[in-house]
Protein chains: 2
Amino acid sequence: MSQDDPSPAGVTKGLAPVVTIEQIANWEGQEVIIRGWLYNLREAGKLLFPIFRDGTGLLQGVVAKNAVTPEIFALAKGLTQESSLLVTGKVRADARAPGGYELDVSHLQVVQLVPAEEPYPITPKEHGIEFLMDHRHLWLRSQRQHAILRIRHEISKACRDYLDGEGYTLVDAPILTPAACEGTTTLFETQYFDEKAYLTQSGQLYSEATAAAFGKVYCFGPTFRAEKSKTRRHLTEFWMVEPEAAFATLEDMMDLAERFVTYIIKQVLEKRRPELEALERDVSRLEQIEPPFPRITYDEAVEILKRKGSDIRWGGDFGGTDETLIGEEFSKPVLVHRFPASIKAFYMQPDPERSELALGVDMLAPEGYGEIIGGGQRVSDYNLLLSRIQEQNLPREAFEWYLDLRKYGSVPHAGFGMGIERAVAWICSLEHVRETIPFPRMLYRLRP
Amino acid sequence: MSQDDPSPAGVTKGLAPVVTIEQIANWEGQEVIIRGWLYNLREAGKLLFPIFRDGTGLLQGVVAKNAVTPEIFALAKGLTQESSLLVTGKVRADARAPGGYELDVSHLQVVQLVPAEEPYPITPKEHGIEFLMDHRHLWLRSQRQHAILRIRHEISKACRDYLDGEGYTLVDAPILTPAACEGTTTLFETQYFDEKAYLTQSGQLYSEATAAAFGKVYCFGPTFRAEKSKTRRHLTEFWMVEPEAAFATLEDMMDLAERFVTYIIKQVLEKRRPELEALERDVSRLEQIEPPFPRITYDEAVEILKRKGSDIRWGGDFGGTDETLIGEEFSKPVLVHRFPASIKAFYMQPDPERSELALGVDMLAPEGYGEIIGGGQRVSDYNLLLSRIQEQNLPREAFEWYLDLRKYGSVPHAGFGMGIERAVAWICSLEHVRETIPFPRMLYRLRP
């Protein structure tokens, strides 16, 4: 398309309707226009089989030499991968075609032809991961990445819809935060005019304030961790959804987490089944996810690990391998609760029955995906919280506002956070979190 | 509540149901339990009129001396502002009561009593703005802030619901970005391991890449601007929703922006009318917002300004005052399009009919609220984009990935960004954006 034709839709006026591939079944037997890109092209003598993509799906076209002008046939034959197009054709049901429909092409207009001498860099052959990551802005067009990110959208939407429906108010937590709370080693720092600010690692402390104002709240935004870990579970920038409720206990949050995850799975199964199939996800593993989820104590989890040969001792925190071992014991996500207080954060409420335990919970996904949710009940007593802050040598001044919440109408309250990328990795059954976010940020990876 | 009673809901077992104030109309004539805080207390002889809040609304209670035990009456009489409570009572319709219902209190349990000697700092009397901002974590509990942030939630939700319904895919843009594109003076910088990273100012460039993969996309996240401006329209951290579409023109985006804003207004009017009333918002101004919105060219806007006495010359950019003057001419938001290319960004497509103009659009809100949306059509031609980058002395290397989008299946495409806080300010009719976000970040304001 030349730059002085501002209206690509212009050519279609008075002609066939422009439709999306996702909606193609509604147009059987009719002539339509698809706006998209060439995904692949196969030749078989007098027939060409281009596959088009338009961002909503893939559609195979058929260009028969005897059905189009010689110019159109030549144009189709010379199409290069990822060239942009307007394609006119009639929709035909065909059980053999992927998706069940084909397009009998009658006309073709090239918007921009990718030059054959400088072809699209990502070809159907195998590419190394660094090459693909360097071309992330293009790699997103391939079927697998497309499927993953459409599922990611569905998961994000399901999180919001579920919490909205349960009466939670979205209250965005700030990204720029003052005075580092728990050490600065894993924080990204920035100069904020005359002082230092840090990128948030969690909205929880702020959500505790807003839960006292709105009853039930959630925040949902990017969080940051400047960790020098290079594992398949770590990103430096990742999204978290964090519900928090006043007048709520650990048990309430376990119930919520269970219903929440079940709802998300059901929405993905209902709305994104073709994408799960494109990823060759074993959906039977997801279909069995229904409340109740197994609930085990930390003590019981340690017993399981010992039985499986781990050398963990009571009091130690679980590593990734431990989480995998525990998660594999169950076909559904498992809730592990009541951890040693010493390995949990200062704000965790102690168990009234055993004060060495904290009322915290982790949800471990099955199939080896490890922790996807962490949460618990927060300390609601002013003096207890103050002594915790002092014991851990945290700067009291930075926590005065947080202490205020225990001074003015304190209530038992609890919440949790779910990492979106880990949930996507599990639901899509991916090897590595780098595919779960559009533009992953990791150690040595800030581009594109 | 003492710390060894982990279940505040426990007391209600076998008793009346726990309900929210928002749902109170469904419980007329029945005994219920409200979990919340004391908002205000008025005495009239043998009657006490406590107002309770629970995060979903306010409800007036009546405690009659002859209807409760002496202990309960004394407890109610001694309640301090923001003390947390479980209140049992019968719901009674009363046309005189705010909200139409009252609660005849029969029982009361204090969860935490705010000590009279250290009372809640925000009293019904007037406070200075710096004091309120320092106590933002508590200020959020007051009726006005509560109403604003519930409307903010509705606006965020309406943005997503509208775009989801129109087939847009949410594709999150990264927050941490490499190599500053347009100068670093208004960017927040952070050390990213061995290099520098910057906090994003817009997801647009990334959304152009994802629009080529998904057809129609949006991103919705926090954006940052390290501006030393201290005006009623500036925050350093603010949220933007940015739709972007392949095969779309400036006109398509003006149509979308119009439908989008109309939908948002309708949702707020439908779902958040009590909150608009609490803010004393003149809703008749919102009710008249329907497509089509007036559309004027930059040229016409300059004529309006000159007629109104401004000394603007053709070619100059509009300041806040100019935007207010133009916006005031119309009862609906006005779309101003086709600006001088010299005052717009390098990626804007030139007008094919007058190459000195860029195919950009701003939407100015009525009632003096200025720009709420900015967008337009992007350059789709590789050579034109490259020459723009070179003319403006931008580092070509940093834009190679962005140039790739014009090399591999380029299509006409367009999009816009709406600043959530400015939309909230307009819809709520607020003086200052600092009230539009839970924890505002401004020059000299990073706390709490």
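Predicted model: local features only at pLDDT ≥ 70, side-chain atom pairs only at ≥ 80, totals over all residues.

User: Which residue does Asp404(A) form a salt bridge with?

Analyst: Lys407(A), with the closest N and O atoms 3.9 Å apart.

User: OK, what about Arg396(A) and Glu400(A), how do their side chains meet?

Analyst: In a salt bridge, 2.8 Å from N to O. Arg396(A) is partly exposed at 35% relative accessible area, and Glu400(A) is partly exposed too, at 28%.

User: Over to chain B. What does Asp134(B) pair with in a salt bridge?

Analyst: Arg445(B), side chain to side chain, at 2.9 Å from N to O. That pair links distant parts of the chain, 311 residues apart: Asp134(B) sits in helix H2 (residues 129-134), while Arg445(B) is in the segment after H13. Asp134(B) is partly exposed, with a relative accessible area of 44%, whereas Arg445(B) counts as buried at 7%.

User: Where does Glu435(B) lie?

Analyst: In the segment after helix H13 (420-428) of chain B. Glu435(B) has a relative accessible area of 9%, so it is buried.

User: Which side chain does the Glu435(B) side chain make a polar contact with?

Analyst: That of Gln145(B), at 2.6 Å. Leaving out residues up to four places away in sequence, Glu435(B) touches several others, among them Arg136(B), Trp139(B), Arg144(B) and Leu430(B).

User: Switching topic: what rotation superposes chain B on chain A?

Analyst: One of 180 degrees, with 0.0 Å of shift along its axis and an RMSD of 0.0 Å. The two copies are thus related as by a two-fold rotation axis. The same surface serves both copies, as 100% of the contact residues of chain B recur in chain A.

User: Which residue of chain B comes closest to the rotation axis?

Analyst: Thr190(B), whose C-alpha is 2.5 Å from the axis.

Conventions. Residues numbered from 1 in each chain as written. Chains lettered and ligands numbered in written order. Heavy atoms only, no water. Helix = DSSP H or I, 4+ residues; strand = E, 2+ residues; numbered from the N terminus. Buried < 20%, exposed > 50% of the residue type's maximum accessible area, 1.4 Å probe, protein only. Polar contact = N/O pair within 3.5 Å; in protein donor to acceptor, adjacent residues only side chain to side chain. Contact = heavy atoms within 4.5 Å. Least-squares fit on C-alpha atoms with pLDDT ≥ 70 in both. Salt bridge = Lys/Arg side-chain N within 4 Å of Asp/Glu carboxyl O.
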